[in-house]
Amino acid sequence: MRSDRALAREIQGEIEKTTGEQVAVSMRDGIAGLRGRLSSHEAALEAGHLAGRFDMVREVVNDIVFPGKMRFKYLRKVSRNSPAGSSMWSSLVVA
Amino acid sequence: MVVIGGGVIGLSVARELSQFNLSIALFERHNDVGMDQTTRGNAMIHPAIQAKYGTLRWEMNYKGNPMWDETARQLDVDFKRIGTLVVAENSEEEALLPYAVDTAIKHNDPEPKLLDREGLDRIEPGLAPNVRKGVLVWNTGIVAVFELLIAYAENALSNGVSIFLDTGVIGVQTEDSGIKAVDTTRGTVKAGILINAAGLYADKIAEYAGDRFFTIHPRKGETIIFDKSYQPVRTVFAPVSVAAESQESKYTKGGGIIPTTDGNLQFGPTAIEVCNKEDVSTTAEGCDYLFDRFAPLLERLKPDYEKPDRGKIIARFAGCRAATYKEDFIIEPSKKVRGLVHVAGIQSPGLASAPAIAERVKEIIREERHPSVNDKFNPVRKRQVRFSELNLKEQDELVRANPRYGHIVCRCENVSEEEVVRALNDKIAARSLDGVKRRTRAGQGRCQGGFCMPRVVEIASREMNIGKEHVVKSEGKSYVLSRRTK
């Protein structure tokens, strides 16, 4: 059984070999965490897929950034539409 | 309890959980249900032959597929088992057919049938003379997907679920490692259980709750739809060359030739990784790729039928699949946060798997919370009258009873004013032209709204009591009219 550190190093090596670029890889409870900067979206995706192909990896958190990466931003808005269903809205605690 | 996400997964889970005595609220960020993934796919109920055997994705597909007959019956939704037909074009391909049968058997799909020419003619008449053998995977189905979403929502509502559209989740509060409340764009709701069925943003919800252990990367699929006058196939049509390619595909099956319950044919979807989860743009390249890939196959294998024609493409659309890097479904209670259940990474065959996923979530909640059973739960929902489906006598009676049925708004799809009015006033009411279109088919025909759109704008303006210039195509500021001109 490989240690988390050994597995992280193996994933890191695989990513470096395939993309030709370096990223930081961490392993904890079967979750592979990828961090760093790569040159393209394709390279970042490939890194995620490479990590995901390891049997001992349960899931992958891919925080690799690349030029032009879209950042999630939630638009705060209040709708004019009435909610469907019961009157549960009246029981809400509004922040 | 809060369910985040008003796609087929969130809605089916909410409906399933209404079998318990729980106070359930479902939040959907869009102004309608199923706007991200569910209505942007191919509406196919997949057989369990493409998902990797042994994965949760396969298991849910395998268990979910046979549940559709009963689900569609309960919800009164159009559903047909049309089968997938894999045909061989030459002796080399014929030699591969037993492998297709073996694959289907290995995946526990019931009774794939190896067909000779006679058998093929019964299923798919008019095939080219060189096609002598094929395999029928009979349990492939197609469903009227928007009708299904409305049906799930209506049935959930009638069983006590509250559905809040236009309500995005912007935070999750925890206390003592348990769910405490959910912050939305419209206020904060106290909740002890949170079902994360947020599709493309499930990783964001997990992060809000402090349990981010996966990343969703969007994979876009484009689809093209043909006019109803072009109906060359009855089955999901997959020549060996396409089926073999699908098996080799790293991430997804990469599209097919698929009829819809409404009688249109579709090619697609494609599978392209994109970096923006909101990227639902269609491209000339995507359209060309689909046409160039599938049209020659139909031309070759259905020579007696009308030649595929780009002029018969009436619409194209795209959506993003919510893929994780393990390419498997995640359906599990959080290991860190009590009361949080993730239903994430649900991509194709998510629709086919939905009833099984809902049942799995119900079992998780039953084991964790031991809720009492809602004796009043009623799984049956009845759909409303569709004018175009009635015979002349029935139509006449209906018009006499309600003259608004006599005002045909959409000539292509034979949709009456009453149906449009109903769509705008239902429990899950349409709030846009697209909402009306999805509920009634007004605007989905050959002219794509060219004739009926002004009339629908007028009715929407009247029924929603807003100016015509405030009627939107989809949501936000997608106004149909820019200003009054005279």
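How many bridges join β10(B) to strand β11 (residues 178-184) of chain B, and in which sense do the two strands run? In this predicted model, 6 bridges connect the pair, and the strands run antiparallel. Within this pairing, Val169(B) has Thr184(B) of β11(B) as its bridge partner. Both strands belong to an open sheet of 3 strands in chain B, ordered β10-β11-β12 and paired in the antiparallel sense. Its edges are formed by β10 (169-175) and β12 (187-190) of chain B, each of which pairs on one side only. On average, and with direction ignored, neighbouring strands of this sheet are turned by 25° against each other.

A second open sheet of 3 strands in chain B has the order β3-β8-β4, again with antiparallel pairing. Here the edge strands are β3 (44-45) and β4 (79-81) of chain B, each pairing on one side only. Strand β8 (residues 141-143) of chain B is joined to β4(B) by 3 bridges, and the two run antiparallel. Phe79(B) has Val143(B) as its bridge partner in β8(B). Helix α3 (residues 68-75) of chain B lies across β3, β4 and β8 of chain B, and runs at about 20° to β8(B).

The domain assignment divides chain B into three parts: domain 1 (2-74 + 144-216 + 325-369), domain 2 (84-138 + 218-323) and domain 3 (387-470). The centres of domain 1 of chain B and domain 3 of chain B, taken over C-alpha atoms, are separated by 31 Å. Their contact draws 10 residues from domain 1 of chain B and 7 residues from domain 3 of chain B. On the side of domain 1 of chain B that touches domain 3 of chain B, helix α7 (residues 145-158) of chain B gives the most, with 5 residues. By class, the residues of this side of domain 1 of chain B comprise 6 nonpolar, 2 polar and 2 charged.

Strand β21 (residues 340-344) of chain B is largely enclosed by the rest of the structure, because 5 of its 5 residues are buried. In a regular strand, side chains alternate between the two faces of the sheet. In β21(B), Leu340(B), His342(B) and Ala344(B) point one way, while Val341(B) and Val343(B) point the other way, and all are buried. Two pairings of this strand were identified. Strand β13 (residues 194-196) of chain B runs parallel to β21(B) and is joined to it by 3 bridges, with Leu340(B) of β21(B) as the bridge partner of Leu194(B). Strand β20 (residues 330-333) of chain B, by contrast, pairs with β21(B) in the antiparallel sense over 4 bridges, and Ile331(B) stands opposite Val343(B) of β21(B). The hairpin of β20(B) and β21(B) has 6 residues between the strands, and Gly339(B) takes a positive phi near 90° in this hairpin.

Burial on both faces is also found in strand β5 (residues 84-87) of chain B, where Thr84(B) and Val86(B) lie on one side, Leu85(B) and Val87(B) lie on the other, and all are buried. Strand β7 (residues 134-137) of chain B pairs with β5(B) in the antiparallel sense over 4 bridges; in β7(B), Val135(B) is the bridge partner of Val86(B). Strand β15 (residues 236-239) of chain B pairs with β5(B) in the parallel sense, likewise over 4 bridges. In that pairing, Thr84(B) stands opposite Val236(B) of β15(B).

Two packed helices are described by the angle between their axes and the distance between the axes. Helix α2 (residues 56-64) of chain B packs against helix α11 (residues 350-369) of chain B at an angle of about 90°, with the axes 7 Å apart. The helices α2(B) and α11(B) are therefore roughly perpendicular to each other. From α2(B), the contact is made by Met60(B), Asn61(B), Lys63(B) and Gly64(B); from α11(B), it is made by Ala352(B), Ser353(B), Ala354(B), Pro355(B), Ala356(B) and Ile357(B). The contact of α2(B) with α11(B) has 6 nonpolar, 3 polar and 1 charged residues. With 7 of its 9 residues buried, α2(B) is largely enclosed by the rest of the structure. The buried residues of α2(B) are Arg57(B), Trp58(B), Glu59(B), Met60(B), Asn61(B), Tyr62(B) and Gly64(B), and what covers them includes α11 of chain B.

Notes:
Residues numbered from 1 in each chain as written. Chains lettered and ligands numbered in written order. Predicted model: local features only at pLDDT ≥ 70, side-chain atom pairs only at ≥ 80, totals over all residues. Domains from an automatic or database assignment. Contact = placed C-beta atoms within 7 Å. Nonpolar A, V, L, I, M, F, W, Y, C, P; charged D, E, K, R; others polar. Buried ≥ 20, exposed ≤ 12 C-beta atoms within 10 Å, placed from the backbone. Pairing = 2+ DSSP bridges. Axes fitted to C-alpha atoms, helices over the stretch in contact; angles between N-to-C directions. Parallel < 35°, antiparallel > 145°, perpendicular 65-115°, else oblique.
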